[in-house]
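Hi,

Here is the structure I promised to pass on.

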Amino acid sequence: MLGSIYAMLGVALTLSIGILRFLNFSIPALFMIGGMVTWALVHAGVPWPVAALAALAAGALVALIVEAFTWRWMRTAGPFIPLVSSMAFLILFEHLAVANFGSDLQTLPPLFGRGVDWRVGHLVVSIPQLAGLAISVAMVAALSLTLARTQMGRGLRTIAEDSDTALLLGVEVGRLVPLVFVISGVFAALAGVLFALNYRQVDPFMGEALGLKGISAMVVGGMGNVWGAIAGGIIIGLVEVLSIGFFGADFVDISVYGLLLFILIVRPTGLFGGAEMGVRA
Amino acid sequence: MSGYTEGVLVLLAINVVFAYGAFLPVAAGQLNLGVAGFAAIGAYVSAYLCTNTATPVLLAIPIGGIAAGILALAVAVPVLRTRGIYLALATFALGELVRATILNLEFVGGAAGYPVAAYIGLPVVAGFAASVVVMVGLLFSTRFGIAITAVHDDEAVADLMGLNVRAFQIVAFVLGSAIAGIGGGLYAFHFSYIEAQYFNISLSISIVLYVLFGGTQSVAGPLFGAAIFTLLPELLRASAQWRYVVFAAVVIVVMVLRPQGLVTAVLVRRLSALVQDFGRGRSERPA
């Protein structure tokens, strides 16, 4: 199940790197914001669907703020400046959350009754988890179709090839780029919402613990490849489960980051990546 | 000197060493997101040697640095075949891998942390920091410095000029990692206790932020960046949580207003011209 969370984060990261060539370290923070906002609103008595939607909106809004301080200044600056600013955003949002909510693990009340588990023989399938998975797959499919078929998707793919040429060809780069941030922000926040609803616990540093695994999902699947990020997320999830099964919970990070390093050394384009970067639907 | 002042100065010296560790690869156009991992290698290797083989501290720290450098070499050679963001990603993975591995190594304490038998005070730490600054400064006044700058500014042109771009990037990265390892050793012996969780991605990110905030065009940049970010939070001690918020907000604003960092090559040139003018003005003044 964690695999689908990683997959969503991987999609958010891969969009940013595939289209803008920008490794957006604020994505883990947006994931945390998605989770924390859901918790804070549910805690305040707001019904969870409203809280979830508000969290998505918060993710989109914060993504726009990040855009205003990173990508817009990329042209005049060195290649690391947006990356560095997005890392500063990660620290900023984490500690804003600590200042507002404290650094403790916060728990959500159980939102769904007992009858929601679906038993198939020995397997227990949680309906909310299944629904979350279905929503993720549907959203990725929609994204993938948008990139492949629509005018907007064509514009985005042009920017991915070369943003200067795209500008010359009349693609409204200044309008589409914030959109990329919003889409990836919503994906990251959705991952946070799904995590909060399913695991019922959030904390200000959940972005570092889980969000950074999204980077592994993205690289394993091939940077810039949306479906690759999904596959990467599932692979990372499986590697975690297997390493817990075989070696114990302490070895999870060793396996995941070991795999990431191994892939980067042996096949840096990822398992499903082609020779060049770009968004393949 | 009060214990508090000494504590701040030690932290400053160690941060300066870390900052130069991150600065060298950035100066060659590569980003090291695993500085904390190399620092951890330096810290644990030197602490282990000192505790178990009675190696003198002053020898153990450089050995820790060398160990970090060897690890950097092992990663950089295969990864730098590719371009762009891959080294940053690989160092990120390596940093987390080192942290997770040390957490599971029982002979250095695992998650419980590792007590270090020896202690070094401020003078030794400051001495190491000063020699790192002087060494990097000297290095950048040689042909190596010019070559690194060329590689940073334009890889293709540097290549055409006959520079071995990859070799320079690898050397800068390995040297930087060794320096980070030395910083880790200093940390270990001053605080006499290390734990893997300290060397996490947040530390790596903070160090990179020092360097880019200070500016990467001149050797003085990391010194200023580390100094400002060590001393500024001490002045803002009002609230521990808000320190980081202010720290991050300052970085974001400065990156927008002054993306080259605080200390730029132009600024250095202007300052040195100013100093020269001042000197000339005085000597030309009639007696």
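**Aromatic pairs**

Counting over all chains, the structure holds 23 aromatic pairs. Elsewhere in the list, ring pairs join Tyr187(B), Phe191(B), Tyr198(B) and Phe199(B) into a cluster.

Bear in mind that this is a predicted model, so please read the distances here and below as computed values.

**Where the chains meet**

On to the interface. Chain B puts 42 residues in contact with 39 residues of chain A. Between them, chain B and chain A bury about 3700 Å², and 83% of that is on carbon and sulfur atoms. On the chain B side, Tyr86(B), Leu89(B) and Ile252(B) lose the most area to chain A, together 15% of what that side buries.

What about charges and polar groups? The rule finds one salt bridge across the interface of chain B and chain A. You can see a salt bridge where the side chains of Arg99(B) and Asp253(A) meet, at 3.2 Å from N to O. Two residue pairs are in polar contact across the interface of chain B and chain A, both at pLDDT 80 or more.

If you want to select the chain B side by element, helix H3 (57-79), helix H4 (86-103), H9 and helix H11 (240-257) of chain B each supply at least two residues that touch chain A. Sorted by class, the side of chain B that touches chain A has 30 nonpolar, nine polar and three charged residues.

**A residue in chain A**

One more stop: Thr146(A), which lies in helix H5 (residues 127-149) of chain A. Is Thr146(A) buried or partly exposed? Thr146(A) has a relative accessible area of 25%, so it counts as partly exposed, since buried would mean under 20%. The side chain of Thr146(A) reaches the backbone oxygen of Ala142(A) at 2.6 Å. Leaving aside residues up to four places away in sequence, Thr146(A) touches Met152(A) and Gly153(A). As for Gly233(A), 87 residues from Thr146(A) along the chain, the two C-alpha atoms are separated by 21 Å.

Over to you!

Notes
Residues numbered from 1 in each chain as written. Chains lettered and ligands numbered in written order. Predicted model: local features only at pLDDT ≥ 70, side-chain atom pairs only at ≥ 80, totals over all residues. Heavy atoms only, no water. Phe/Tyr/Trp six-rings, centres within 6.5 Å; stacked < 30°, edge-to-face > 60°. Helix = DSSP H or I, 4+ residues; strand = E, 2+ residues; numbered from the N terminus. Buried < 20%, exposed > 50% of the residue type's maximum accessible area, 1.4 Å probe, protein only. Contact = heavy atoms within 4.5 Å. Polar contact = N/O pair within 3.5 Å; in protein donor to acceptor, adjacent residues only side chain to side chain. Buried area = accessible area lost by both parts, 1.4 Å probe. Salt bridge = Lys/Arg side-chain N within 4 Å of Asp/Glu carboxyl O. Nonpolar A, V, L, I, M, F, W, Y, C, P; charged D, E, K, R; others polar.
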